[in-house]
Amino acid sequence: MAMDEETLASMTLTFCIDGAESLMHALVRGAGGAAGALRLLDGATRRDRDLDAALLKGLARWGRRPSARGMAAFHTSVDRWRARLGELPSRDPASLEAWFTGDGTMWVLAPHHPAWPRRLDDLELRTDWAPPLCLWGLGDPWALSSCDEPVAVVGSRAVTDTGRYVARSVAQRAAAAGHLVVSGGALGVDAAAHWGALAARDESGGDAGRTAAVFAGGLDHAGPARNRELFDRIQYGGGALVSELCPGTIPEARRFLLRNRLIAALASLVVVAQARLRSGALNTAGWACELGRTVVAAPGEITSPAYAGCNRLIAGQKAALLMAVTDIDSFCHRPHAPRAGGETGEPDIRPQDAPMAVPSSDPSRPTLFQAQREPTGDGADCAHEPAEGASDGRERALLRAVDACARRHAKATVDGLLAVLNAGDGAALSPRPGKDADDEACSAPFSVAEVNRLVGRLEMRGLLVVEGGVIRPRRR
């Protein structure tokens, strides 16, 4: 199904701007949506007075007053936005959608979709910075709205053992109570928090809260590389990897500070597990205070620079004191079951023809987040009849390839499946004698992109499970 016009326009306008731009947000509000704003920017007449009128209307709706200096800045921005529109590779909607989503491997949320996390809307009410026009994501888009009052856990990259314990334990307790845990996907405190939330899901059999990582660049630049296994686990474990920036955007230093506003806005409670005086975590805490969120900080020794930021937050009464890890229960709202995706009755927006993975720039290589890990359980125990539920010969061939890898006790990664599928003689694939329509359908070689699409479709239908880049049949 084609992407709706409003979402496609939101992606296009995000491509035009450089991070969060309040003037674009005001234009969108005044034009009645992203699609209307894009038509004004890219219209055949390009009547600038209509743009000015839309901006003034948007500013009024936003509770802002125009000024001569602001209008001059707007006109300069319009010229820059139009120049960026000229850099688009195509104006065809289908081509643009494929380009913006990595051939359908990423989903995109715009504010009109029911899965949109409404807490982000507070950015336009309580700050001078605009909320994002849309969000790119991998994993489950409904994770962002699975909890009404998420918990953010932030802190230093150069974390101490104590800081790591606090971050992991707080996140694990919060997730065990059903809360969404939000952090930035970085080394140190962020990684410890994400792993803690994932541990709660492992212990509960998948019934605990989710975790979401928010990035400061395009998802094809998600890093650091040392956390790729973590990103796999988040993506395939019911969580989400998200960014407000187009694929291809480099995560420059200034973008981390803007990213922090999203972490603070998504959360109801922000926990600073460890922070120095000059720390991105303090920037997040500042956003949280401005947005009216509850901030809690773990204290540390007064002689330790690693905790000077936390101690200053507490001393300045900008954060409550976290006396013990168990105290987090008193700051969180009541325990609950995570809200399941699609409970609103709206269709799932995840791509049906592609897995949740960022495409590699080199088509001969595995996707970015594939990690080489052992599959869970013995391959012989999880084998099943590969034709069941498959809708065409290419799908059935892929399922047989997965089973062939299991019989060989080999990892069924994308590369491994390609080797089996394109082996030539097909001996590993089929226990059935003779040649049938499936053989004819599979005469053309398989590509990395096609294997990714097939795996995604079969995973959505419950025939496959993808864990850490390893593909296995779902146990029946």
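**Ground rules**

I am working with a predicted model, where local features need pLDDT of at least 70, side-chain atom pairs count only at pLDDT 80 or more, and totals for chains, interfaces and linings use all residues. I number residues from 1 along each chain as its sequence is written, and my side-chain values use heavy atoms, with hydrogens and water left out.

**Entry 1: α4 and α5**

I began with helix α4 (residues 48–62) and helix α5 (residues 68–85), whose axes come within 11 Å and cross at roughly 120 degrees. My helices (H or I, at least four residues) and strands (E, at least two) are DSSP runs, numbered from the N terminus. Axes are lines fitted to C-alpha atoms, for helices over the stretch in contact, and angles run from 0 to 180 degrees between N-to-C directions.

The angle makes α4 oblique to α5. I noted the scheme: under 35 degrees is roughly parallel, over 145 roughly antiparallel, 65 to 115 roughly perpendicular, and the rest oblique.

I then listed who makes the contact (heavy atoms within 4.5 Å). From α4 come Asp48, Leu51, Asp52, Leu55 and Leu56, and from α5 come Met71, Phe74, His75, Val78 and Arg82. Sorted by class, the contact of α4 with α5 has six nonpolar, one polar and three charged residues. In this sorting, Ala, Val, Leu, Ile, Met, Phe, Trp, Tyr, Cys and Pro are nonpolar, Asp, Glu, Lys and Arg are charged, and the others, Gly among them, are polar.

I also wrote down a rule about helices: an α-helix has 3.6 residues a turn, so residues three or four places apart point the same way.

**Entry 2: α3 and α5**

How does helix α3 pack against α5? I found an angle of about 90 degrees, with the axes of α3 (residues 34–42) and α5 10 Å apart. The two helices are therefore roughly perpendicular to each other. Leu38, Leu40, Leu41 and Asp42 of α3 make the contact with Val78, Trp81, Arg82 and Leu85 of α5. By class, I have six nonpolar, no polar and two charged residues in the contact of α3 with α5.

**Entry 3: Ile234 and its helix**

Next I clicked on Ile234, which lies in helix α10 (residues 228–236). Is Ile234 buried or exposed? Ile234 counts as buried because its relative accessibility is 0%. Buried means under 20% relative accessible area, exposed over 50%, and partly exposed in between (1.4 Å probe, protein chains only).

Leaving aside neighbours within four places in sequence, I found Ile234 in contact with His194, Leu198, Thr211, Ala213, Gly239, Ala240 and Leu241. The C-alpha atoms of Ile234 and Trp195 are 8.8 Å apart, although 39 residues separate the two along the chain.

The buried residues of α10 are Leu230, Phe231, Asp232, Arg233, Ile234 and Gln235. They pack against β2 (135–139), α9 (189–204), β5 (211–214) and β6 (240–243).

**Entry 4: salt bridges**

How many salt bridges does the structure hold? I have 15, each being a side-chain nitrogen of Lys or Arg within 4 Å of a carboxyl oxygen of Asp or Glu.

I looked up Arg91 and Asp42, whose side chains meet in a salt bridge (2.5 Å, N to O). Arg91 is in the loop between α5 and α6 (93–100) and Asp42 in helix α3, 49 residues apart. Arg91 is partly exposed at 46% relative accessible area, and Asp42 is partly exposed at 29%.

Then came Asp202 and Arg233, with their closest N and O atoms 2.8 Å apart in a salt bridge. Asp202 lies in helix α9 and Arg233 in helix α10, so the pair ties together parts that are 31 residues apart in sequence. Asp202 is exposed, at 52%, while Arg233 is buried, at 19%.

My last pair was Arg261 and Glu244, a salt bridge with its closest N and O atoms 2.7 Å apart. Arg261 is in helix α11 (residues 253–266) and Glu244 in the loop between β6 and α11, 17 residues apart. Both Arg261 and Glu244 are buried.

**Entry 5: a loop residue**

I finished at Asn227, in the loop between β5 and α10. Asn227 is buried, with a relative accessible area of 6%. Not counting residues up to four places away in sequence, Asn227 touches Gly185, Ala186, Leu187 and Ala191.
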